[in-house]
Amino acid sequence: MSTLSIDHVSRWFGNVVAVNDVTMTIGPGVTGLLGPNGAGKSTLINMMGGFLAPSTGTVTLDGRPVWRNEAVYKHIGVVPEREAMYDFLTGREFVVANAELHGLGAKAAARALATVEMEYAQDRQISTYSKGMRQRVKMASALVHDPSLLLLDEPFNGMDPRQRMQLMDLLRRMGDEGRTVLFSSHILEEVEQLARHIEVVVAGRHAASGDFRRIRRLMTDRPHRYLVRSSDDRTLAAALIADPSTSGIEVDVAEGALRVQAVDFGRFTTLLPKVAREHGIRLLTVSPSDESLESVFSYLVAA
Amino acid sequence: MYDPTVARLTYRALLGRRRALILGALPLLLIVISVAVRGLTGADDQTASDVLGGFALATMVPIIGVIAGTGAIGPEIDDGSVVYLLSKPLKRPVIIFTKLIVAIAVTMVFSAVPTMIAGLVLNGNGQQIAVAYTIAALVASIAYSALFLLLGTVSRHAVVLGLVYALVWEALFGSLVPGARTLSVQQWSLAVAHKVAEGELVTSDVGLPTATVLLVAVTVLATWYAGRKLRSLTLAGEE
């Protein structure tokens, strides 16, 4: 059982602040590190893995510093995002080398390869592997010494759905065994399927932390904005604003459309077609105008 | 201090693919030149010394040193695969020292062995010229490997910088500016060769004591500093 503590950590590159005063504690089980691309997730994971010094603050694993402390890698397994991994070796040679670097032997390597179900291709050169196979061999190399903390940077990138499911099962199992598993992702659904606990990072800042369902609710309960075009915009606007699910409507004359802000997402989606039918109005366009992940995240930051 | 797994990975990276071809090309060229020279001019001590000093020691050894020294670590840092070494409970100086040993061994095999063969072809080791230049190549291999391994650790442009040092500094400045010769691995190794060779065919601008001190100092300092740099090597993310 390991606990990773990030304490008031910031990291800047020149004038650019990549991570801004982040404090979080990652305990046993699977934790998702969620945030849009460029939010600072990789920078944070690199600091957690001891590959980057925090500009300020500390990262510790069970009280021991991670930066410039090689001994800590007895307890950490790392699955980096980057593809490069000694492509001239076979999968087995690669995992055996990783085991040897931990002072272990071929037995530990065989066990790790079996865990990720890669025995069937272990004697092929890594350069011939698909993305999913590479990911699994990387996973085997990280598991070879039975670490208590597993750090994975965007592990599902480029994987097909079947490979994704297999890796998710594996990570779930690791979490259930009491390991501390942290993976980063910019895809909400990925995190939702795997992690109960999530940490959200936006623009280098720690935006939210805690139970996924609570944060998800916060995300779905946020005001939703829609662009609506109809055969009679003003009548529709009057009818919608009468209902408490709608908090504001703007008639955009230039666009020839209504900009509707709904506070109760579920209620609004059933109200709109009902109101239109009652008033004999034809709906021409109904499109959410802020469904991008970034807008969800920026809402969280403001909340 | 020496990790056999790190060594195995480094050897395979160095001797695989295109790099082995480049490493083999120059020694082959040296031997071809030597056979041609011997065929055209016969065995001549001065010619043998010119070929071994002018091509083998001044050009081939530093270039092979650049390829082996920077290649032992540079590509791993560039593509990020060094993370698999860094994420292990392994002291950073052990990684550097092991890679240095591998770089030295590869540089020696690809530079000293062909130098010996070329020397034997050129004049059958007359006046100990073949042995003298072979020893110079062995000594230079150590210092070049340490220097270029350090370059590979600190710079992404290690190969270019290494070639600039080897070809511009040692070959060009060395022949034009007398002072530059004092700070030249080639001259230091020539001082060792001068001691071995008979007669005055092999000469150096540096005395043997100075050369020995500088060779040891450069090797030790470069290796120490590379270990230090690797300890604080940061792997930037993709972002």
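**Salt bridges in chain A**

A:Asp243 and A:Arg267 meet through their side chains in a salt bridge, 2.9 Å from N to O. A:Asp243 sits in the loop between helix 8 (233-241) and strand 12 (246-252) of chain A, and A:Arg267 in helix 9 (residues 265-278), so the pair ties together parts that are 24 residues apart in sequence. The model is a predicted one.

How covered are the two partners? A:Asp243 counts as buried because its relative accessibility is 12%, under the 20% cut-off. A:Arg267 has a relative accessible area of 41%, so this residue is partly exposed.

Now take A:Asp87 and A:Arg134. They form a salt bridge, with the closest N and O atoms 2.8 Å apart. This pair also links distant parts of the chain. A:Asp87 lies in the loop between strand 6 (76-79) and helix 2 (91-101) of chain A. A:Arg134 belongs to helix 4 (residues 131-143), and 47 residues separate the partners. A:Asp87 is partly exposed, with a relative accessible area of 27%.

The A:Asp243 partner, A:Arg267, is in helix 9 (residues 265-278) of chain A. A network sits elsewhere: salt bridges that share partners join A:Glu83, A:Asp87, A:Lys131 and A:Arg134 into one.

A:Asp62 is partly exposed, with a relative accessible area of 39%. A:Arg64 is partly exposed as well, at 34% relative accessibility.

Salt bridges also cross between chains. The interface of chain B and chain A has 4 of them. One salt bridge pairs A:Glu70 with B:Lys91, where the closest N and O atoms are 3.8 Å apart. At this interface, 33 residues of chain B are in contact with 34 residues of chain A. The area buried between the two chains is about 3,100 Å², and carbon and sulfur atoms give 57% of that. Over all chains, the structure holds 19 salt bridges.

Last, the wider setting. Chain A has 10 helices and 14 strands. Of its 303 residues, 53% are buried. Chain A carries 34 positive and 36 negative charges, and their mean positions are 2 Å apart. Among contacts in chain A with a separation of 6 or more, 67% join residues 24 or more positions apart.

Definitions and conventions
Residues are numbered from 1 along each chain as its sequence is written. Chains are lettered from A and ligands numbered from 1 in the order in which they are written. This is a predicted model: local features need pLDDT of at least 70, side-chain atom pairs count only at pLDDT 80 or more; totals for chains, interfaces and linings use all residues. Side-chain values use heavy atoms; hydrogens and water are left out. Helices (H or I, at least four residues) and strands (E, at least two) are DSSP runs, numbered from the N terminus. Buried means under 20% relative accessible area, exposed over 50%, partly exposed in between (1.4 Å probe, protein chains only). Contact means heavy atoms within 4.5 Å. Lys and Arg count as positive and Asp and Glu as negative; His and the chain ends are not counted. The place of a charge is taken as NZ of Lys, CZ of Arg, CG of Asp or CD of Glu. Buried area is the accessible area (1.4 Å probe) that two parts lose on being put together, summed over both.
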